[in-house]
Amino acid sequence: PLGARASQRATFPRLPPADRPNRGEASEMAPKTEPTPYTRARRAYSALQKERLSAECGAYLPAVLEGCPQAIKKQAIPASEKDAETIKGLFPSTYDTPLVEFTAGSNGEAAASRQPIKVGVVLSGGQAPGGHNVIAGIFDGIKQWNPDSEMIGFLDGPHGIFSGNFVEITSEIMDGFRNTGGFDMLGSGRHKIETDEQFENSMAVCNAIGLDGLVVIGGDDSNTNGAVLAEYFKKHGCKTKVVGAPKTIDGDLKCPPHIPISFGFDTACKTYATLVGNVAVDALSAQKYYHIVRLMGRSASNIALEVALLTRPNACLLGEEVARDKKSLRDLTVDLADMIQERSKAGKDYGVIVLPEGLIEFIPEFERLMSELNDKLASPGVEATEESVLKALSPENAECFKYLPEFIRAQLLLDRDPHGNVQVTKIETEKLLAATVSAELEQRRAAGSYKGSFKAQFHAYGYEGRAGMPTIFDASYCYALGATAATLLAHGLTGLIASVKNLLAPAKEWQCGGVPVTSLCVIERRKGKDKPVIKKALVELEGGMSQPYAAYMKLRSKLRMVDAYNVTGPIQYDMKDCKASTDIPITLQLELGKDAAPLSDIPAPKKMGEFLYIPQSLEARSELQQWRTKRPHQVPTSLQEKSIAAVQVSEVNATMCAEQDMSYMRKFFSSIEAPLLEFKASEGRTPVPANQRIGVAFCGRQAPGCHDLLCGMVDVLRSSSSSKVLGFVGGTHGLFEKQWIELTPELCKAYAGTGGLELLGRTVDRIKSTEELEKVRKVCEELELTGLVLIGGARTNTDAAYVAEHFKKSGAKTAIIGVPCGIEGNMVNEFVEASVGFDSAAKAVAQLVGNTAIDGSSARKYYYFLRIMDGANTGGRTSSSHLALEVALQTKPNMLLLTEEVDEKRMSLRELVKEVADMVAGRATDGNNFGTILVAEGLLAAIPEFRSLINELEALPMPSTPEKVLPELTQWSRALFQTLPDFIQRELLLERQS
């Protein structure tokens, strides 16, 4: 799969800046009432960011908000009749706030005749794409009301309100963040305004700076806190009105019809869908792994369902369904094992499984355990240790806790979230399920009912989606929400959350207004106490909003066996030519009455050797994939006619290897000075040989662009009469076993612009032994191939040279051509400027790194360590770090740890750790307790002491256990191995890959 293989957050001890108190001291000091100089402007922008900055936000403004709209007030309906009186008692001053809908007003009233207003804004809670456009909508909205209106931005969340940490937002500041992701313009925080002193200080700050209004941009808890603040201000005669904007990527803040969706959900889901689509194609290409993907989303499964509808994995677990059916861990395990066993019988030992991060909360035995854990750990005297909680838990829950794997027990005891609950983002549910499924399958294997292979690859996608550049929908929706919030404040309204609906229509036709937060609240137990909160919107399994679930249910049973993966591709911004760029979330489309698209017919797979051949039709492709097939390929002038007759081939300079290696190389190759070949557009027409039969095999690992390579071969060979391109299905093994199909223009058209190697697949990257070389020669001879193209990286092209030499010595007539392909980029030399796939991989990874870096600078409290895939160490002592370097050049992280640099300097682990620690400490002195660190995948093997250990371990049979390997290691390697954390020891002893 393309992307950073692992992402880990680390929280370091925070060192407060010298010029301000730390957050723990803030409540003991009087708040500030003067603005802070603004220092958070971005220092650089990518080409795409610049393009999006220049996009006209005014195009997103609903027509109803142009001019001076009228506010029509209506009675709001409470979310819970049962809790209505309790909520009224908690909000006596604002409970009767009416629902508001805006209608078009007069455009004749001059803005100058309206009094300017001063509005503050705060970003609260976790990041969500589009927050900057909410601020832009507010800014433009109050300037439309009166050009002299002013805007204040509170820094780092609600803490900025009660401490008086704010800046003045100018046009120059605002224009640097339009249509961009993250919350780094102001920073966010998870503080709440809860104590009497915090409420008093908040009112003192708002009064001192003369705020007419305050917009709280946040999720369910943040908007509830905003409603409490609105109540406090109104009760104490403060003129500051408080309204909110619905934010959360989790999709659990929606109250139809007035709040159909929260902002950020669309961008996050499309980001995750891109990644799930990538791993689905990877699964089809290699046909040997189950990719198990855990998606962010807290307790709700909204993200998982949206991504499942977008990408169509083989299975998607939904927490709400597990709760309804009271499915135990055993039930889930058996169901997944049944699917895996059934697929294995059909020759499919691969697949894609999606699950929400909050799934574990819905499994009955875990729900009871976690509920009691939350209460007990909130009680005095109970520590977050196994010994302490086992004494406090009921016997039933204690037994459940002891049954769990050690790593899950440890994760359940981690620090609680701000609401006092288990941090489900840190529980590796996907690994728990894989462990139980694997054990179940082994029992079946022993009983003789299962004979397949179950190898799991794990992915956890979360923070990569919170701060991405917003989709066209999120950018538009957020701007409309901000403009709506500004209009509510301009009308002197308080206690409302901005409402924008009619979202199936163009943005100009959207309907805007406000809903009283109190009407959305229910009473819920938090930290052992009853609290008013906005009711969470979980996936509805029945009722008026169950259309998305019903649509998935129609597909679910078929998807267990049929690979109908839908590859959405990366987020698009070409509104003019690419229809997919303006799509709204599929769950929202279904909820608003749109019908779900049916599954296209997928042909039955054909077993070809060890591989399943599953051709795809163009109609079965995603909307974006179909759009991409219509885009013409860019080709050099010499190849523009796509005709062999139009190309002149000439020999130019002779080549040679390094002089000191020449005598050694001659032992293997009869010619080491062959000339370079050069293509030029032919002035006339060169003769074209007919009846050419060209074979092609994917030997190296998956890389984007390989299908376009096939398209190029097929298109050009059409100029040769009666010629064919034969594709070997199953990579190298398919070549050995003579498993081939004819590649036609019609077949290739459905694969143009698509990733992976799914058309032909791959198996193992090796053609080296005399037996293997002879197999290839015989296949080429029997199929009468005039040429054979081997596609892969350094190892493949080295093998191609050996194949060519073997053919030359044996008199075979087949010409051998190698193609440099590999995302690792280690084929670059004086003759090869780039390898196929490197650019796409680098951009895909850079997007995730960029998103994560912006997330870090928004929350301002985490260090993100991102491990980047490396190239193989063919011919060298260490693996290459070209991809990590390219990504670093594109994204500018705070630190890059390169394998080659560590190797050249012979850095020890201690020296490496010191270098990272020095950087962290240096940033802390400036108040920057956050950052992004890229780590090349092969870094460990470059550290001298680890290289020796790894070399010794590679000589031993794997997988293994510490007990088996320790006696086989030398004294120094044994000592090093024993100092490593348990999880590193386990990973060093895993089964080796091919």
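Select Arg-621: with 7% relative accessibility it counts as buried (buried is under 20% relative accessible area, exposed over 50%, partly exposed in between; 1.4 Å probe, protein chains only). This is a predicted model, in which local features need pLDDT of at least 70, side-chain atom pairs count only at pLDDT 80 or more, and totals for chains, interfaces and linings use all residues. Residues are numbered from 1 along each chain as its sequence is written, and side-chain values use heavy atoms, without hydrogens and water.

Next, select Asp-220 and Lys-536, a salt bridge with closest N and O atoms 2.6 Å apart. Asp-220 sits in helix H7 (residues 220–235), 316 residues from Lys-536; helices are DSSP runs of H or I of at least four residues, strands runs of E of at least two, numbered from the N terminus. Asp-220 is buried at 4%, whereas Lys-536 is partly exposed at 23%.

Move to helix H31 (residues 909–925), whose 17 residues reach 25 Å from first C-alpha to last. Select Leu-912, Val-916, Met-919, Val-920, Arg-923 and Ala-924, the buried residues of H31. They lie on the same side of H31, because they cover an arc of only 140 degrees around the axis (taken from the directions from the helix axis to the C-beta atoms). On the other side, Arg-910, Lys-914 and Thr-925 are exposed.

Note on methods
The expected span of a helix is 1.5 Å times one less than its number of residues. A salt bridge is a side-chain nitrogen of Lys or Arg within 4 Å of a carboxyl oxygen of Asp or Glu.
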